[in-house]
Amino acid sequence: MAQTKELKYKKKHLDKIGEIMLNNEEFSDVTFVVNKKLYHASKIMMAVSSKVFASLMKEHFSKTTDQNITLEDIKHEDSFYSILCYIHGVEINLTSMSKAVLCEIIHLSEHYELMELHTDLKCYLSKIKRFNKNSVVTLLNTAMTYDLEELYERLKIYVYQNTELMIKHKSFLNLQHNVLIDLLKSDWLYSEEIDILKAALTWHNENIINSGIETNKDEIMSRVDVEIKSENINDMSNNEVDDSPFEIKSEENFDDMSNSEVDDSRFEIHLVEQFLSNYSEDLFDGPNSDDDNVTVLSENETVEIIAQDVTEHVITKFETENNNAEERVNNSVESASPDKSHENKTVTVQNSDENRPKSNQEGTKIVKMFSENILKTLLAHIRFFRIPMFDFVDALDTELFTKYKDGILNVRKTTKLNNEPRSVFSGVTMKFPIKVTKEQLELSSNRFFSEDYLIENMNWKVYIQKCLPRVGNETSTKPDLLGLYLVCGSNESNWSCDVAFLFKLISNKPFVYDVYRRRSSTRTFTNKCSCWGYKDFISFSELFNVDNEFIKDDTITVEVYVGNMVFRCNCRGIDDEKK
């Protein structure tokens, strides 16, 4: 009896259904508010796509029937709309999208655990080769955050090639601290050293002093009195303390509490942790009281400050004080006199000197220590000895340098500074197509060469070759490997060339990572040794995987970046060096 073949069928217009449901108020049962703009969605679509959204909606609707859910910390509305498009299966135009929006989508996709989108967009971003001064800083921060090393290196090259422009651009102030340090310590950040110093000080002034925790602290501290619930005073009369004293309240009984002393240690913990959580913990450490020796830096090292963990100590103290806060308040209420002469007096929390919370003082201490340590890490990479004396003297008359004069002098006295000159960055990227078929690579150990690329009267080319893995003198059973090599040639008879280089095997698919390898140090090509490379650059299984598309139209495309070239010619007894 003949077996019946299964016949399967599905709708052909599911994409259209997604487009209809996208941001459609009629079919929605939840609304997200982003920067006061409404986005309508389906609970089911959001929940099955993201566990984070599912949890968020479950918590929200367990407390209220309000359909609107406000999402904070989203800068660009287009970012969230793109998230909705992805969830509803609607195409997202990446080509026309700004780099800032693209970077925020990568962050949001990670936050909402949309990992397919997150992975694909990181891959897409890593392949971007064109960017301008307005997007470089955002891309640098994103590349550092998500370990997009290849993109990060290309962006640094752009900064090195446009240093004078970038350090004076307004976006320079938005650099992450670790990215800024990475740039400052480089020999290729070439500009007037006084301008680099100004850029570093301006960054610190804007990010740490003016718009940092100091400003936020003063602003929010001024609201503490008006953000305590009016019920607190009434509750105190019953020896009860509200567990949520910092919610906005009505103005009832406001006058009665305007002069009361408030334990703000809980607020202080939140404030310090929120602002400083993005920085390395060693930046909160103070000088060790047992060691009076100054910190000495080796060249290109970040300031290392050995100290006790002040943050942990302070926060532990804050938590201890908070645990005892209710008991202290209740004791104070009980001891208050019921006499009418005290009617217009406020309840004052009494503490012994031993137990009295010092959140303001401790918080200020942390902030000051943090600010000083950040400044040290920046100034440690300034080449002060490369600044002309008159330029430095003139700068000291400015408001910015007046503010930082003591910090600059302290670092110069206590820190071993790098005195090496910075250099103009030089380098070039070459693309080499190599014609070869899969069968030729598998069946032959011949070398397959690209065409020549001429730079400064020097010929560059690459070749690939099948490499059989070996263990000792025996051929290994491991998969075959592809070797990739860079060849340099010159018409001179006796020459050498020092060069740093990076290989990259290009994938023809936008969401597949390119394969790249970098030499951590320079290599010397000579007339006797003109070839450097890798015999194990990529396995054949990865190379021939159709999903990677490293081979297209019988062509393998290799991109090579060469930089920091120093060419020497020792011909006719004359030494000639050329960078």
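In α5, the residues L102, C103, I105, I106, S109 and E110 meet M115, L117, H118, L121, K122, Y124 and L125 of α6, where a contact means heavy atoms within 4.5 Å. Sorted by class, this contact of α5 with α6 has nine nonpolar, two polar and two charged residues; Ala, Val, Leu, Ile, Met, Phe, Trp, Tyr, Cys and Pro count as nonpolar, Asp, Glu, Lys and Arg as charged, and the others, Gly among them, as polar. The model is a predicted one, so local features need pLDDT of at least 70 and side-chain atom pairs count only at pLDDT 80 or more, while totals for chains, interfaces and linings use all residues. Residues are numbered from 1 along each chain as its sequence is written, and side-chain values use heavy atoms, with hydrogens and water left out.

Helices α5 (residues 99–111) and α6 (residues 115–126) have axes that come within 8 Å and cross at roughly 150 degrees. Axes here are lines fitted to C-alpha atoms, for helices over the stretch in contact, and angles run from 0 to 180 degrees between N-to-C directions. Helices (H or I, at least four residues) and strands (E, at least two) are DSSP runs, numbered from the N terminus. The two helices are therefore roughly antiparallel to each other; angles under 35 degrees count as roughly parallel, over 145 as roughly antiparallel, 65 to 115 as roughly perpendicular and the rest as oblique. α5 passes α6 in a left-handed crossing, meaning that the near helix is turned anticlockwise from the far one by less than a right angle (clockwise would be right-handed).

Another left-handed crossing is that of α7 and α8. Helix α7 (residues 133–145) packs against helix α8 (residues 149–161) at an angle of about 145 degrees, with the axes 9 Å apart. K133, V136, L139, L140, A143 and M144 of α7 meet L151, Y152, L155, K156, Y158 and V159 of α8. By class, that gives 10 nonpolar, no polar and two charged residues.

Further along, α19 (residues 389–396) and α20 (residues 399–414) pack at about 135 degrees, their axes 9 Å apart, which makes α19 oblique to α20. On the α19 side the contact involves F392, A395 and L396, and on the α20 side F401, T402, K405, I408 and R412.

Then there is the sheet: open, three strands, order β2-β1-β3, with mixed pairing. β2 (37–41) and β3 (68–71) stand at the edges with a single partner strand each, so one side of each lacks a neighbour in the sheet. Strand β1 (residues 30–34) runs antiparallel to β2, and five bridges join them; strands pair if DSSP finds at least two bridges between them. V33 has L38 in β2 as its bridge partner. Helix α3 (residues 51–61) packs on the sheet, touching β1 and β3, with its direction at about 125 degrees to that of β3. Helix α4 (residues 77–87) lies across β1, β2 and β3, and runs at about 5 degrees to β2.

As for aromatic rings, the count comes to 22 pairs; rings of Phe, Tyr and Trp (its six-membered ring) pair if their centres lie within 6.5 Å, with planes under 30 degrees apart stacked, over 60 edge-to-face and the rest tilted. F53 and Y112 form a stacked pair, 4.2 Å centre to centre with 15 degrees between the planes. F53 sits in helix α3 and Y112 in the loop between α5 and α6, so to speak linking distant parts of the chain, 59 residues apart.
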